[in-house]
Amino acid sequence: MRHFRIERVKIDFTLIKSIGRMVALYFKYLLGFLALFFTCAVPAENSPVVIVNPATNPTSLVSQTALSAIFGMRLRKWEDGSPIRVYVLPDEHSLHVAFSKHVLRVFPYQLRSAWDRLVFSGTGEEPIKVLSEQQMRAAVSTMPGAIGYLSPSMVDETVKVIPLK
């Protein structure tokens with residue numbers, strides 16, 4: 001009669017855990033990218049437009065990078081040295097969501113996180129919040145150095161649309 005001896009095999013679970021974490025992280029980033037990529041497209045005629053006070057003269061074309069810095073509250077002065085006053089709609093407003101995703105290419109919660117980090121660290125402030133597009137147009141039209149965004153149907157002669165690069 002043969003006796004088989006079964007020995008315990010030690011498995012190093014730290015390697016398995018680290019591989020699992022890497023796969024989970026990769027999957028998380030992949031899902032985030034796909035969510036951003038496949039979000040509902042906004043037709044060009046309904047896409048938010050960036051507006052400034054008519055007295056403000058930014059360079060003829062503003063890049064997406066410059067807009068991200070302005071609305072991320074990292075760029076605080078225009079080329080002439082005058083202060084930039086940023087106006088935004090509430091985080092849950094559909095135009096704010098469309099502007100964040102399709103113009104700035106970030107999710108609204110990412111903007112909120114950046115603003116909160118500036119405020120809580122004492123290194124900056126959050127943008128001025130208005131409740132409606134009518135208030136946005138009125139505020140931007142009366143405040144020198146102001147910048148905001150509107151739906152194309154809300155634009156009138158009191159504000160200036162700036163073209164994007």
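In this predicted model, the loop between helix H3 and helix H4 (108–121) holds Arg105, a residue that has a positive phi of about 65° although it is not a glycine. With a relative accessibility of 54%, Arg105 counts as exposed, because the cut-off for that class is over 50%.

**Loop between H2 and S2**
- Met73 lies in the loop that runs between H2 and strand S2 (85–88), and its phi, near 65°, is a positive value in a residue other than glycine.
- Met73 has a relative accessibility of 10% and therefore counts as buried, since the limit for that class is under 20%.

**Packing of H2 and H3**
- Helix H2 (residues 64–71) packs with helix H3 (residues 94–104) at an angle of about 140°, their axes being 10 Å apart, and the two helices are therefore oblique to each other.
- On the H2 side the contact is made by Gln64, Leu67, Ser68 and Phe71, while H3 contributes Phe99, Val103 and Leu104.
- Sorted by class, this contact of H2 with H3 has five nonpolar and two polar residues, and no charged residues.

**Strand S1 and its partners**
- Strand S1 (residues 49–52) is covered on both faces, with Val49 and Ile51 buried on one side and Val50 and Val52 buried on the other.
- S1 pairs with strand S4 (residues 146–150) in the antiparallel sense over four bridges, and within S4 the bridge partner of Ile51 is Gly148.
- S1 also pairs with strand S5 (residues 160–161) in the antiparallel sense, over two bridges, where Lys160 of S5 is the bridge partner of Val52.

Methods: Residues are numbered from 1 along each chain as its sequence is written. This is a predicted model: local features need pLDDT of at least 70, side-chain atom pairs count only at pLDDT 80 or more; totals for chains, interfaces and linings use all residues. Side-chain values use heavy atoms; hydrogens and water are left out. Axes are lines fitted to C-alpha atoms, for helices over the stretch in contact, and angles run from 0 to 180 degrees between N-to-C directions. Angles under 35 degrees count as roughly parallel, over 145 as roughly antiparallel, 65 to 115 as roughly perpendicular and the rest as oblique. Contact means heavy atoms within 4.5 Å. Ala, Val, Leu, Ile, Met, Phe, Trp, Tyr, Cys and Pro count as nonpolar, Asp, Glu, Lys and Arg as charged, and the others, Gly among them, as polar. Buried means under 20% relative accessible area, exposed over 50%, partly exposed in between (1.4 Å probe, protein chains only). Two strands pair if DSSP finds at least two bridges between them.
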